[in-house]
Amino acid sequence: MNIILLGPPGAGKGTQAQILVEERGMIQLSTGDMLRAARSSGTEMGNKVAAIMDAGELVTDEIVIGLIEEKLEGDHGGGFIFDGFPRTLAQADALGDLLEKHGTGLSHVIAMEVNDEALVGRILNRAKEAVAAGGTARADDNEESLKIRLMEYYKKTSPLLGYYHAKGNLSWVPGLGTIDEVTGSIAGVLDS
Ligand code: AMP
């Protein structure tokens, strides 16, 4: 079973993806994590995307589609969770084509519903907690980048809600409950 977790930054996609990995043996494909890994290992692509990511803008479709294409060559295991991908209609079309090429498709697109005020609070908290734990906050977890990330979401990613609704595999879950409540709502969709 392959699924997409769709929602604005700070909706909790990564947290829920990790739980699905642990509980269901699925494979998490987070383009954000892949891009951060490319940056920290200093690849040419990593250096190219660094400033774009820090500003909160989207990197090119070509780069992220290439990253996903590579991963789909690997083991399918318990299915893929697409986390933070696709973020544009072009990426969504490309994902559909790639999955079809591999003889598979999408079972569910889970849209996580949250409000913007909660998002800003959550992300700024995430930054504070990271620093309090002795680490460093993500460079894009600040108010200025967050505004741009939200605008990118509404301009370029939110049209995917209509796209997948029309395809017939979109389900909404409330994203504002406790982690367990959200996990339960997602399980309700996956096990229906
Ligand atoms: P995330 O960890 O999903 O919040 O992604 C962090 C940043 O990586 C985003 O703000 C974008 O700059 C970039 N990024 C991640 N996934 C994508 C994608 N599918 N398309 C374009 N840019 C992406």
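Of the 15 residues around the ligand, the ones that come nearest are Thr31, Arg36, Glu57, Gly84 and Gln91; a residue counts as near if one of its heavy atoms lies within 4 Å of the molecule or strand in question. This is a predicted model, in which local features need pLDDT of at least 70 and side-chain atom pairs count only at pLDDT 80 or more, while totals for chains, interfaces and linings use all residues. Residues are numbered from 1 along each chain as its sequence is written, and side-chain values use heavy atoms, with hydrogens and water left out. Let's walk through the structure, topic by topic.

**Around the ligand**

- The shell around the ligand is made of six nonpolar, four polar and five charged residues. Here Ala, Val, Leu, Ile, Met, Phe, Trp, Tyr, Cys and Pro count as nonpolar, Asp, Glu, Lys and Arg as charged, and the others, Gly among them, as polar.
- Helix H2, residues 31–40, gives the most to this shell, with four residues. Helices (H or I, at least four residues) and strands (E, at least two) are DSSP runs, numbered from the N terminus.
- Glu57 takes part through its backbone: an N or O atom there lies 2.5 Å from an oxygen atom of the ligand.
- Arg87 places a polar side-chain atom 3.0 Å from an oxygen atom of the ligand.
- Gln91 has a polar side-chain atom 3.0 Å from a nitrogen atom of the ligand.
- Taken alone, the ligand exposes 480 Å², and the protein buries 95% of that. Such accessible areas come from the Shrake-Rupley method with a 1.4 Å probe; for residues, only the protein chains shown count as cover.

**Aromatic rings**

- The structure holds four aromatic pairs. Rings of Phe, Tyr and Trp (its six-membered ring) pair if their centres lie within 6.5 Å; planes under 30 degrees apart count as stacked, over 60 as edge-to-face and the rest as tilted.
- One of the pairs joins Phe80 and Phe82, and it is tilted, with 6.0 Å from centre to centre and 45 degrees between the planes.
- Phe80 counts as buried because its relative accessible area is 1%, and Phe82 is buried too, at 0%. Buried means under 20% relative accessible area, exposed over 50%, and partly exposed in between (1.4 Å probe, protein chains only).
- Tyr163 and Tyr164 make an edge-to-face pair, 4.9 Å centre to centre with 85 degrees between the planes.
- Both tyrosines count as buried: Tyr163 has 18% relative accessibility, and Tyr164 has 2%.
- Phe80, Phe82 and Phe85 belong to one aromatic cluster.

- Helix H8 spans residues 159–167, and within it Leu160, Leu161, Tyr163 and Tyr164 are buried.
- Seen down the axis of H8, these buried residues fall within an arc of 165 degrees, so they line one face of the helix. The arc is that of the directions from the helix axis to the C-beta atoms.
- On the face of H8 turned away from the buried side, you will find the exposed residues His165 and Ala166.

**A cis peptide bond**

- The peptide bond from Phe85 to Pro86 is cis, with omega near -5 degrees.
- For background, most peptide bonds are trans.
- Pro86 sits in the loop between strand S3 (80–83) and helix H5 (89–101).

- Asp191 is in the segment after helix H9 (179–190), and it counts as exposed because its relative accessibility is 54%.
- The side chains of Asp191 and Arg24 are joined by a polar contact of 2.9 Å. A polar contact is a pair of N or O atoms within 3.5 Å; within protein, one must be able to donate a hydrogen and the other to accept it, and residues adjacent in sequence count only if both atoms are side-chain atoms.
- Gly32 belongs to helix H2 and is buried, at 17% relative accessibility.
- Asn125 has its place in helix H6, residues 116–132, and is partly exposed, with a relative accessible area of 38%.
- Glu129 also lies in helix H6, where it counts as exposed at 55% relative accessibility.
- Glu129 and Arg36 are 93 residues apart in sequence and 19 Å apart in space, C-alpha to C-alpha.
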